Amino acid sequence: MPYAEEMKTCGYCAEGEYLAAFGIKICELGATKLYLFKEQSHRGRVIVASKLHVSEITALTDEERNAFFADVNRVAKALHAVFHPTKVNYGAYGDTGHHLHFHLVPKYADDEFEWGGVFAMNPKRKFLSDAEYAELVASIKSAL
C-alpha cells in the first residue's frame, strides 16, 4: 500500500473510527500523541505514538528520536505518579501496523495477571465505562 494510502487507515494518523477501535486520545506532546488503550487489564496502559508516520525508530533523526523518548519518559513518570505500579513495561511492536509507537503498560506485583511475564497485546479482559475512561484520561493529563 502506498505511503499516503496507508496513512488514511492508520489509527494514529487518521484517528476517528480507526483509533476508536482500540484507544482514546489523551493529548499531544512535543513529538508524540498519547492514547489510553481501551483494554485496561493493566490500569493506566497507554500508547505513545510518534507524530510522524514512520515504521522504524531508525527513520527518525537524532533530534526526533530524542524528542520521542523524552515524551515516553514524561508519560512514564506520569504513570508512576498516578498509578504507582511496581514496574512499567515498554513494548514496541508493529509487524502489520507501520507507525512507530510504544505501549507503556503498568504492572502490579499484587495482580497475578501476567506479573513476571510479557503483557498480552489485547487480552480482551477488562473494558471500562465512558466515565471511567474519562477519569483515567483526566488523571493522566493532570500528571503530565
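Where does glutamate 114 lie? Glutamate 114 lies in the loop between β5 and α5. The points below take this and other features in turn.

1. Basis. This is a predicted model, in which local features need pLDDT of at least 70, side-chain atom pairs count only at pLDDT 80 or more, and totals for chains, interfaces and linings use all residues. Residues are numbered from 1 along each chain as its sequence is written, and side-chain values use heavy atoms, with hydrogens and water left out. Helices (H or I, at least four residues) and strands (E, at least two) are DSSP runs, numbered from the N terminus.

2. Positive phi. Glutamate 114 has a phi near 65 degrees, a positive value in a residue other than glycine. Its relative accessible area is 17%, so glutamate 114 is buried. Here buried means under 20% relative accessible area, exposed over 50%, and partly exposed in between (1.4 Å probe, protein chains only). Histidine 84 also has a positive phi, near 50 degrees. Histidine 84 sits in the loop between α4 and β4 (87-91). At 60% relative accessibility, histidine 84 counts as exposed.

3. Largest pocket. Its volume is about 450 Å³. The lining has 20 residues, and the closest to the centre are Tyr12, Phe22, Thr96, Gly97 and His101. Two or more lining residues come from each of α2 (11-14) and β5 (101-107). A pocket is an open set of points on a 1 Å grid over the protein atoms alone, where a 1.4 Å probe fits, with protein on both sides within 12 Å along at least five of seven lines; lining residues have an atom within 4 Å of a point. Grid points are joined across faces, edges and corners, and a volume is the space filled by probe spheres set on the points.

4. Lining by class. The largest pocket is lined by eight nonpolar, 11 polar and one charged residues. Ala, Val, Leu, Ile, Met, Phe, Trp, Tyr, Cys and Pro count as nonpolar, Asp, Glu, Lys and Arg as charged, and the others, Gly among them, as polar.

5. Second largest pocket. This one holds about 150 Å³ of space. Its lining includes Ser55, Glu56, Tyr93, Gly97 and His101. The lining divides into four nonpolar, five polar and one charged.

6. Salt bridges. The count is five, a salt bridge being a side-chain nitrogen of Lys or Arg within 4 Å of a carboxyl oxygen of Asp or Glu. Glutamate 15 pairs with lysine 25, the closest N and O atoms being 3.2 Å apart. That pair links distant parts of the chain, 10 residues apart: glutamate 15 is in the loop between α2 and α3 (16-20), lysine 25 in strand β1 (residues 23-28). Glutamate 15 is buried at 17%, while lysine 25 is partly exposed at 29%.

7. Network. Lysine 25 also forms a salt bridge with glutamate 28, with the closest N and O atoms 2.7 Å apart. Glutamate 28 is partly exposed, at 43%. Salt bridges link Glu15, Lys25, Glu28, Lys33 and Lys51 in a network.

8. A bridge within a helix. Aspartate 62 forms a salt bridge with arginine 65, the closest N and O atoms being 3.0 Å apart. The two are separated by about one helical turn, because they are three residues apart in helix α4 (residues 62-83). Aspartate 62 counts as exposed at 52%; arginine 65 is partly exposed at 30%.
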